[in-house]
Amino acid sequence: MPDIVIAAEGLSKRYMIGHQTAVSERYVALRDVIARKARNVWRKSADLVHGRPIVQGDSVEEFWALRDINLEIRRGEVVGLIGRNGAGKSTLLKILSRITEPTKGRVRLNGRVASLLEVGTGFHPELTGRENIFLNGAILGMSRREIKRKFADIAAFAEIDEFLDTPVKRYSSGMYVRLAFAVAAHLEPEILIVDEVLSVGDAEFQRKCLGKMDAVSKDGRTVLLVSHDMRRLAALCHRTILMNGGMVEADGETQTVIDRYMAKHGMAAFADLSQRRDMSGSGDARFQSIELLKDGQPCRSFAFGDRLVQRFAIDVVRPLGRGLVSTSIATADGIPVYEYFNIDAGCEWTASRGRHVFTVAIDKLNLYPGTYTMTLWIGDRNSFRVDYAEEAISFDVVLAPAIGVEHRTQRNGGLVYQDAAWSIDHRTS
Amino acid sequence: MPELIIEAGHSERHYWRELWRYRELFAVLAWRDLSVLYKQTAIGVLWALMRPVLTMVVFTIVFGRIARLPSEGGAPYPVMVFAGMLPWMFFANALTEASNSLLANGNLIGKVYFPRIVVPAAAVVSAFADFLIGLLVLFGLMAVYRFAPDGRIVLLPVFAVVACLTSLGPGLWIATLNVKYRDFRYVIPFIVQFGLYISPVGFSAALIPEQWRLVYSLNPMVGVIDGFRWCILGGESRMYWPGFAVSMAVTAFFLWFGIRRFRKTEMSLADLL
């Protein structure tokens, strides 16, 4: 079977999450280890003295980021990978690109792999564009000779010819991204693994990159691509894999898988939250559903300037007294944009037993085109978490045909558009 | 391209061949560290000159003038000190740089695959640049004192390589400890400081009583510094070969141990960073 270039069998990955260290601290301090060991010894000897059984005071919880993944990818296939944040997509990519090793299972790879998990990995701000092309190329696995041969193409692709000898710290973010992409686009591996990196860069440059990627796949090379942009996936991939909770939930023709994902994971204008199992909090109140509306009709596609209305239902099981509710908006890659609290809008809520339906209207949506997710939260009077529905629903912001202003339609250096009054004072000297 | 298997605990069978394939990345990383170092600080070169010179002056005054310790093989005291200072400074720099290299390149390790050993090894090489500058200072100093080396000087590169290996072994080990225990980096300056006192930098190792010399050579830098003095000072400078053998054995042990520890943690580095 030389035609199968990636074959994964029973792939699993476990991470240990310590309880004593905060989630954000993945490392340990030697001083803490010594202190903890000493404390444990003390506690155990105290237990021994008091005749209590010794309990192993282990404070580590395991978390399986991947569970028993089996998949085969053939030569020349362009495969999309979708799933909510934390579904295991990035972990899978990291294992396939040999950055981390699996806990169980194995992968067989046939061919040279290049992975692009981030734009401009290893770029150094003090070095010039020219130097960074060599640095980044070497990091991505190109030989010096290969980079030299492609240098002119790379520089032309990035459109930064005149700044080649300027340190990249003086580059605009657009130039930086273009240069980084140009290097990556000239990789010629047999297997290319790409994480959500195309969401940056301006629209025209994105099109150029996509064209390049399309050409790569036509050459018979294999591409595995993670994206939150369903339209892009549908255009590029024939096959898509949907991941959920570290497992493969669906694997098949792209449109079928996307439809299933949209239907199940709140990619419709309505999402049933009552069956979700991943909600955390005390559970005294639970989100039941969320719905997005435009002009009174269900809708998940909005234009810049639209009035977005969300309506969600909460069932209160045990009365909370004064409750807090928030709804927040984040970009598809998880960057928070807005968070709205009921009390900030002067809307007091007494959480008495029964169903409560909230309607939140956002006037004049000022987000740039793209996909966004909405996360809901309930807290009690002390802000302790009662319920939390991460990425309860998602919606798209699309180009508004009525607005012809070019820069409003692009997410360049910012996340939101804010009106500003401009004036120019000009004197001829 | 042969089939590649990724699985838990499956260490690369062709590890060293794989490393050879990544020699260009190794060169590029060393070059990056160097060019950034000398770009950021216009006084980078000056700094590389000043530090050993000032230390040499202090040591010459304290050990040579105040304590009136003898030099080695008729060489002027400053030249003797500098010949020992050179490998010591290199060792200290290389060890520090290698130890911190994984943390400094954490982003790279989390995003791209390559044999991780490339990172600390490149750090040792970039510390070598300061060593070369120091070597020029030494030659200048020897010219000032009209002290000419003899034929043994051609063996200097051999001892320079030994100095590299001596710093790489512990460097690899400490680099992994540093990733695992983030407060370990506070220990490194202490090791370096302490090492300076227990190494024959300001004085000649020949001053150590005969019965203790073998024990003293358990510090691998004793052998390296002795070797440097032996080929730079030439002439009357005597080499204590049994001690050198002990130092080399310790170096070889640390190198073996460092590589072993490093390869054990190599695959999980990305999860820890």
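In the predicted model, domain 1 of chain A and domain 2 of chain A bury about 630 Å² between them, and carbon and sulfur atoms account for 35% of that area. On the side of domain 1 of chain A, the residues that lose the most area to domain 2 of chain A are Arg84(A), Asn85(A) and His228(A), which together make up 66% of what that side buries. The contact involves four residues of domain 1 of chain A and eight residues of domain 2 of chain A. The two domains of chain A, assigned as residues 65-264 for domain 1 and 270-409 for domain 2, have centres 32 Å apart, taken over C-alpha atoms.

The residues of domain 1 of chain A that touch domain 2 of chain A comprise no nonpolar, three polar and one charged.

Between the chains, the area buried by chain B and chain A is about 3,900 Å², with 58% from carbon and sulfur atoms. In chain B, Ile6(B), Lys111(B) and Asp271(B) lose the most area to chain A, and together they contribute 17% of what the chain B side buries. The contact joins 41 residues of chain B to 44 residues of chain A.

Two salt bridges are counted between chain B and chain A. Arg98(A) forms a salt bridge with Glu18(B), in which the closest N and O atoms are 3.4 Å apart. Seven residue pairs are in polar contact between chain B and chain A, both residues being at pLDDT 80 or more. At least two residues of the chain B side that touches chain A are supplied by each of strand 1 (4-7), helix 2 (23-40), helix 5 (106-111), helix 7 (156-180) and helix 12 (269-272) of chain B. Helix 2 of chain B gives the largest share of that side, ten residues. By residue class, the side of chain B that touches chain A divides into 22 nonpolar, six polar and 13 charged residues.

Over all chains, the structure holds 26 aromatic pairs. For Phe59(B) and Phe63(B), the ring centres are 5.5 Å apart and the planes stand at 90°, so the pair is edge-to-face. Both Phe59(B) and Phe63(B) belong to helix 3 (residues 44-66) of chain B, where they are four residues apart, about one turn of the helix.

Note on methods:
Residues numbered from 1 in each chain as written. Chains lettered and ligands numbered in written order. Predicted model: local features only at pLDDT ≥ 70, side-chain atom pairs only at ≥ 80, totals over all residues. Heavy atoms only, no water. Domains from an automatic or database assignment. Contact = heavy atoms within 4.5 Å. Buried area = accessible area lost by both parts, 1.4 Å probe. Nonpolar A, V, L, I, M, F, W, Y, C, P; charged D, E, K, R; others polar. Phe/Tyr/Trp six-rings, centres within 6.5 Å; stacked < 30°, edge-to-face > 60°. Salt bridge = Lys/Arg side-chain N within 4 Å of Asp/Glu carboxyl O. Polar contact = N/O pair within 3.5 Å; in protein donor to acceptor, adjacent residues only side chain to side chain.
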